[in-house]
Amino acid sequence: MTDDRRNRPRPDPARRPIPPDSVSRPVASPLQPSVVWASADADEMDAIYLGGPAGFTYAREAHPNGDQIARAVDALEGAPTPGLMYGSGMGAVGAILLGLLKAGDHVVAGDQLYGKSLKLLREDLPRFGVTTSFVDPTDGAAIRAAMRPETKMIWVEVVANPTLRVADMRGAAEAARAGGARLVVDNTFTTPRGWRAFDEGADVVMHSVTKLLAGHSDATLGWAAARDPQDRAQLLAAQQGFGATASPFDCWLAERGVASFALRYDRAEANAGALADHLAGLPGVAQVLYPGRDDHPDRARAEALLQGRWGTMVSFRLEGGRPAVNRFLRAAPGLAFAPSLGDVQTLISHPATSSHRGLTPEGRAALGIDEGFLRVSVGIEDIEGLRREFADGAAAAARG
């Protein structure tokens with residue numbers, strides 16, 4: 001009998017198989033790292049680009065894992081139009097500023113923002129003909145006074161990084177409406193668990209999803225959504241044009257983090273309140289900043305705005321400046337000293353050498369950030385363990 005196996009067509013290893021059809025669906029979201037997507041013909045691809053049938057073409061423009069995590073954050077924030085994922089929080093910041101502003105426009109921004117946001121507004125946008133006035137975000141009258149006919153945007157953080165001052169969000173919303181400007185809210189610190197920005201009049205909302213929403217320090221992502229569909233189209237064009245698209249793998253990781261976000265946030269928030277009170281009684285601690293404490297400078301506004309959701313961040317100041325900070329950190333090795341926030345474990349940072357190092361010493365001092373200032377992103381650990389670590393650190397700092 002003749003063996004005809006040599007004459008049979010052989011599978012081409014360069015030709016990938018078509019995924020099998022299935023009437024069932026996976027319970028866990030699949031990771032889909034494909035960069036390109038095949039269409040049946042030119043008409044189908046054209047229809048996808050025109051917003052017809054659901055589909056994908058090129059991952060820089062959209063991909064399934066990005067859409068999946070975006071929809072999860074959309075639901076948390078109550079986004080009026082579908083949100084967009086970016087490769088980082090600063091990718092979202094850049095897309096909003098460069099996608100929605102043009103030469104001759106003016107921005108009113110809080111003077112207490114994330115350091116890189118401040119740098120972009122202060123140093124980079126002027127090169128493109130966009131100017132910014134920085135004001136105290138806790139003073140609605142100052143926001144209104146800074147408005148000009150060419151003001152197109154008001155940019156604020158609800159709870160400022162890292163000073164934890166609470167912005168006059170109602171005053172900012174009123175100023176934006178009166179001046180015909182967009183109200184843009186960086187809701188990274190507060191999260192929709194603490195304050196829903198679209199419900200309170202925001203036009204554009206953004207997150208560094210890297211932080212509390214993803215929650216495990218293993219994914220770098222940003223998210224932004226707009227109330228107006230035309231603004232959303234401009235944010236999409238900026239995302240695609242600047243190449244700020246998020247990685248499918250990071251989106252896949254962050255989707256798993258978002259699933260536990262509410263539980264993590266509530267536990268970390270409870271820990272933060274207990275830790276703030278504990279810090280206030282430790283030697284060498286000159287000041288504790290936490291919106292839920294009666295001694296917070298914006299306590300009344302925090303009560304009205306946040307309604308008991310005080311957040312997961314605590315800042316404090318040590319007597320003795322950087323030498324005291326170094327003694328504190330060396331005596332508390334169980335605390336991760338790292339320039340980020342929102343992890344399941346507690347992270348402590350020194351803004352003068354990390355998030356706000358780009359500011360001059362005078363600029364940091366104007367915000368109340370000196371060499372003894374520390375910011376704590378409180379995690380979900382056992383609170384008694386955290387109390388011991390902070391007590392050991394404070395005792396070492398005070399001994400100096």
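**Entry 1: ground rules.** I worked with a predicted model, in which local features need pLDDT of at least 70 and side-chain atom pairs count only at pLDDT 80 or more, while totals for chains, interfaces and linings use all residues. Residues are numbered from 1 along each chain as its sequence is written, and side-chain values use heavy atoms, with hydrogens and water left out.

**Entry 2: empty space.** Rolling a probe the size of a water molecule over the atoms shows where empty space is left. I noted the terms before looking. On a 1 Å grid over the protein atoms alone, a cavity is a set of points where a 1.4 Å probe fits but cannot get out; a pocket is an open set with protein on both sides within 12 Å along at least five of seven lines; lining residues have an atom within 4 Å of a point. Grid points are joined across faces, edges and corners, and a volume is the space filled by probe spheres set on the points.

**Entry 3: the largest pocket.** I read off about 640 Å³ of space for the largest pocket. Its lining has 28 residues, and Gly 55, Glu 61, Ala 62, Asp 67 and Leu 236 are the closest to its centre. Helix H1 (42-49), helix H2 (64-77), strand E1 (84-86) and helix H8 (229-242) each give at least two residues to this lining. Helices (H or I, at least four residues) and strands (E, at least two) are DSSP runs, numbered from the N terminus. By kind, I found 14 nonpolar, 10 polar and four charged residues in the lining of the largest pocket. Here Ala, Val, Leu, Ile, Met, Phe, Trp, Tyr, Cys and Pro count as nonpolar, Asp, Glu, Lys and Arg as charged, and the others, Gly among them, as polar.

**Entry 4: the cavities.** How many cavities of 30 Å³ or more does a search of the whole structure find? The search finds two. The largest cavity holds about 80 Å³, and its lining includes Val 159, Thr 190, Tyr 265 and Leu 306. That lining divides into eight nonpolar residues, three polar and one charged. The second largest cavity has about 60 Å³. Among the residues lining the second largest cavity are Leu 212, Arg 264, Tyr 265 and Ala 268. Helix H10 (residues 261-280) supplies the largest share of that lining, three residues.

**Entry 5: Thr 190.** I went back to this residue of the largest cavity's lining. Thr 190 sits in the loop between strand E5 (182-186) and helix H7 (191-194). Is Thr 190 buried or exposed? Thr 190 counts as buried because its relative accessibility is 4%; buried means under 20% relative accessible area, exposed over 50%, partly exposed in between (1.4 Å probe, protein chains only). Not counting residues up to four places away in sequence, Thr 190 touches Val 158, Val 159, Trp 195, Tyr 265 and Leu 306, where contact means heavy atoms within 4.5 Å.

**Entry 6: Arg 148.** The loop between helix H5 (140-146) and strand E4 (151-157) contains Arg 148. At 36% relative accessibility, I logged Arg 148 as partly exposed. Arg 148 touches His 106, Thr 131 and Ser 133, with residues up to four places away in sequence not counted.

**Entry 7: a sheet.** I traced an open sheet of five strands in the order E8-E9-E12-E11-E10, with mixed pairing. Strand E8 (285-289) and strand E10 (336-337) are at the edges with a single partner strand each, so one side of each lacks a neighbour in the sheet. Two strands pair if DSSP finds at least two bridges between them. E10 pairs with strand E11 (residues 347-349) in the parallel sense over two bridges, and Ala 336 stands opposite Leu 347 in E11.
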